[in-house]
Amino acid sequence: GAVVQTSAGHLTVTDAAGHFAFAVAPGTFSLSVLKTGYAAGGATGVVVVNGGTTVVNIALGGIPMFVPAGASVVAESCGPASGAVDPNETVTVAFAILNEGSLSSTDLVATLLPGGGVTSPSAPQSYGVVTPGGPAVSRSFTFTADAALTCGAVITATLSLTDGSTSLGTISYALTTGQPGSATFPTLVSSGD
């Protein structure tokens with residue numbers, strides 16, 4: 001299922017055994033190979049002679065590929081608890097991560113970035129080893145929702161990911177701030193004394 005393309009624009013997909021073939025005019029080509037969950041591969045200077053067959057072996061190395069797998073409020077500073085983030089509220093949110101790649105992380109560390117409605121984020125958290133196809137791993141971060149937000153606004157919480165010294169980019173979660181509610185007041189009944 002890897003996509004193979006030549007520098008001349010030929011395009012194909014490998015079969016289940018990883019094989020591919022092109023019928024091309026004689027010449028010298030470069031090949032690029034892409035597959036989700038793997039590092040890109042390729043070859044340069046591939047020479048095809050008239051009537052000949054050229055065999056090219058390209059190995060793709062697995063990479064971890066992390067995606068957001070949900071977020072849930074686990075603690076909040078405003079009461080009563082609403083299960084949602086309120087403007088200017090300090091909350092603790094568990095952010096879950098899945099690995100949809102083909103290689104486990106060694107020590108995945110996530111840093112909650114300020115911005116997008118997040119202020120004063122807590123320290124980075126270690127997610128440890130996150131395996132491909134394994135269960136989601138959650139860690140909790142504490143932050144304060146920007147006071148300028150309105151009820152119903154969307155907070156974009158962004159985690160910057162590293163595995164050892166390798167930067168793996170960012171993933172983001174959308175959190176909707178609490179909705180305005182209606183106030184209720186007790187009814188007083190007079191006994192008519």
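1. Is cysteine 151 buried, exposed or partly exposed? At 41% relative accessibility, cysteine 151 counts as partly exposed. Buried means under 20% relative accessible area, exposed over 50%, and partly exposed in between (1.4 Å probe, protein chains only).

2. A word on the basis. This is a predicted model, where local features need pLDDT of at least 70, side-chain atom pairs count only at pLDDT 80 or more, and totals for chains, interfaces and linings use all residues. Residues are numbered from 1 along each chain as its sequence is written, and side-chain values use heavy atoms, with hydrogens and water left out.

3. Now the cysteine pairing. Searching the whole structure gives 0 disulfides (a disulfide is a pair of cysteine sulfur atoms within 2.5 Å). Cysteine 78 is in no disulfide. Its nearest cysteine sulfur belongs to cysteine 151, 10 Å away. That 10 Å is too far for a bond. Cysteine 78 is partly exposed, at 33% relative accessibility.

4. Next, the sheet. An open sheet is formed by 4 strands, in the order β9-β7-β11-β12, with antiparallel pairing. Strands are DSSP runs (E, at least two residues), numbered from the N terminus. Two strands pair if DSSP finds at least two bridges between them. The edge strands, β9 (125-128) and β12 (166-176), each pair on one side only. From one strand to the next, the twist averages 30 degrees.

5. Look at one pairing. Strands β7 (residues 108-112) and β11 (residues 154-163) run antiparallel and are joined by 5 bridges. Here valine 109 stands opposite threonine 162 of β11.

How values were computed. Axes fitted to C-alpha atoms, helices over the stretch in contact; angles between N-to-C directions.
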